[in-house]
Amino acid sequence: MIKIGDKVYHFQNMHNIGTVVDIVTVKNNQLTVGGTTQARVYVKVKFDNDDNIVTYNMGDIQKYFD
């Protein structure tokens, strides 16, 4: 489970470690044959090497254990 304040990295840039600053849930109203789909969860990450804040899909980031 990823929470605000955790150290994380994107799976394609493991050397770039950042801190979770916000978790955003977006309601999804897409209809399919089986019903509606789940809400999408995005994570805003502030990187340590600069002050960029990047938004990633929750499934694309991994928790960093040091």
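User: Is N28 buried or exposed?

Analyst: N28 is buried, because its relative accessible area is 15%. Buried means under 20% relative accessible area, exposed means over 50%, and partly exposed is in between (1.4 Å probe, protein chains only). This is a predicted model, in which local features need pLDDT of at least 70, side-chain atom pairs count only at pLDDT 80 or more, and totals for chains, interfaces and linings use all residues. Residues are numbered from 1 along each chain as its sequence is written, and side-chain values use heavy atoms, with hydrogens and water left out.

User: Where is N28, and what does N28 touch?

Analyst: N28 sits in the loop between strand 2 and strand 3 (31-32). Strands (E, at least two residues) and helices (H or I, at least four) are DSSP runs, numbered from the N terminus. Not counting residues up to four places away in sequence, N28 touches T37, Q38, A39 and R40. Contact means heavy atoms within 4.5 Å.

User: How many bridges join strand 2 and strand 5?

Analyst: Eight bridges, in the antiparallel sense, between strand 2 (residues 13-26) and strand 5 (residues 40-47). I23 stands opposite V43 in strand 5, and T25 stands opposite V41 in strand 5.

User: And strand 5 with strand 6?

Analyst: Strand 5 and strand 6 (residues 53-57) run antiparallel and are joined by five bridges. V45 has V54 in strand 6 as its bridge partner. The two strands are linked by a hairpin through five residues.

User: What about strand 1 and strand 2?

Analyst: They also make an antiparallel pair, over four bridges. Y9 is opposite I17 in strand 2. These strands form a hairpin too, with two residues between them.

User: New topic. Which residues are in the largest nonpolar core?

Analyst: The eight residues are I2, V8, V20, V43, V45, F47, Y56 and I61. Strand 5 gives the largest share of this core, three residues. A nonpolar core is a set of buried Ala, Val, Leu, Ile, Met, Phe, Trp, Tyr and Cys residues joined through side-chain atoms within 4.5 Å.

User: Why would such side chains be together?

Analyst: In soluble globular proteins, nonpolar side chains tend to be buried together.

User: Where does I2 lie, and what is I2 in contact with?

Analyst: I2 lies in the segment before strand 1. I2 counts as buried because its relative accessibility is 12%. Leaving aside neighbours within four places in sequence, I2 is in contact with V8, V20, I23, M58 and I61. I2 and D51 are 21 Å apart in space, C-alpha to C-alpha, and 49 residues apart in sequence.

User: And the contacts of I61?

Analyst: With neighbours within four places in sequence left out, I61 is in contact with I2, V8, Y9, H10, V43 and Y56.

User: How many aromatic pairs are there?

Analyst: One. F47 and Y56 form this pair, which is edge-to-face, with 6.3 Å centre to centre and 80 degrees between the planes. Rings of Phe, Tyr and Trp (its six-membered ring) pair if their centres lie within 6.5 Å; planes under 30 degrees apart count as stacked, over 60 as edge-to-face and the rest as tilted. F47 is buried at 6% relative accessibility, and Y56 is buried at 16%.

User: How many salt bridges?

Analyst: A search of the whole structure finds one. K63 forms a salt bridge with D6, and the closest N and O atoms are 3.5 Å apart. K63 lies in strand 7 and D6 in the segment before strand 1 (7-10), so the pair ties together parts that are 57 residues apart in sequence. A salt bridge is a side-chain nitrogen of Lys or Arg within 4 Å of a carboxyl oxygen of Asp or Glu.

User: Are K63 and D6 buried or partly exposed?

Analyst: K63 is partly exposed, at 28% relative accessibility, whereas D6 is buried, with a relative accessible area of 12%.

Methods: Two strands pair if DSSP finds at least two bridges between them.
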